[in-house]
Amino acid sequence: MYATQALTQLVPFAADELDKNKVTPGVLGFLVFAALAVGVWFLMKSMNRHMGKVDFEEAPDPEAVPAGTDGGTETAGSGSGTKATASGKG
């Protein structure tokens, strides 16, 4: 005899005692929920540990102008102009 056949034979007996207004998850529902919560907690701890090991270094922007090329001469010119206006005001 299979387990499903045994359970289907017991269902009519349980239907007599079952009050549809008072059905609750019970102890089994609590244990399943608690096991899921503990599992999620361990997964979060593991994820935090693995994310802490990640050494992420962002790649430079290919469209950005490096400091040693044309951008350097423009910065120096604008910097001297800023100094002249600052000294002219003071």
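## Overall fold

The protein chain has 3 helices and 0 strands, with elements that run α-α-α from the N terminus on. Helices (H or I, at least four residues) and strands (E, at least two) are DSSP runs numbered from the N terminus. This is a predicted model, where local features need pLDDT of at least 70, side-chain atom pairs count only at pLDDT 80 or more, and totals for chains, interfaces and linings use all residues. Residues are numbered from 1 along each chain as its sequence is written, and side-chain values use heavy atoms, leaving out hydrogens and water.

## Confidence

The average pLDDT (the predictor's confidence in each residue, from 0 to 100) is 75 for the protein chain, and 57% of the residues score at least 70. Helix H2 has the highest confidence, at a mean of 96, while helix H3 (residues 70–89) has the lowest, at 51.

## Surface

Of the 90 residues in the protein chain, 1% are buried, meaning under 20% relative accessible area, with exposed over 50% and partly exposed in between (1.4 Å probe, protein chains only). The chain exposes about 8700 Å², and carbon and sulfur atoms supply 65% of that area, as given by the Shrake-Rupley method with a 1.4 Å probe.

Let's turn to one helix. Met-47 sits in helix H2 (residues 26–53) and is partly exposed, at a relative accessible area of 41%.

## An aromatic pair

There is 1 aromatic pair. Trp-41 and Phe-42 form this edge-to-face pair, at 5.1 Å centre to centre and 65° between the planes. Rings of Phe, Tyr and Trp (its six-membered ring) pair if their centres lie within 6.5 Å; planes under 30 degrees apart count as stacked, over 60 as edge-to-face and the rest as tilted.
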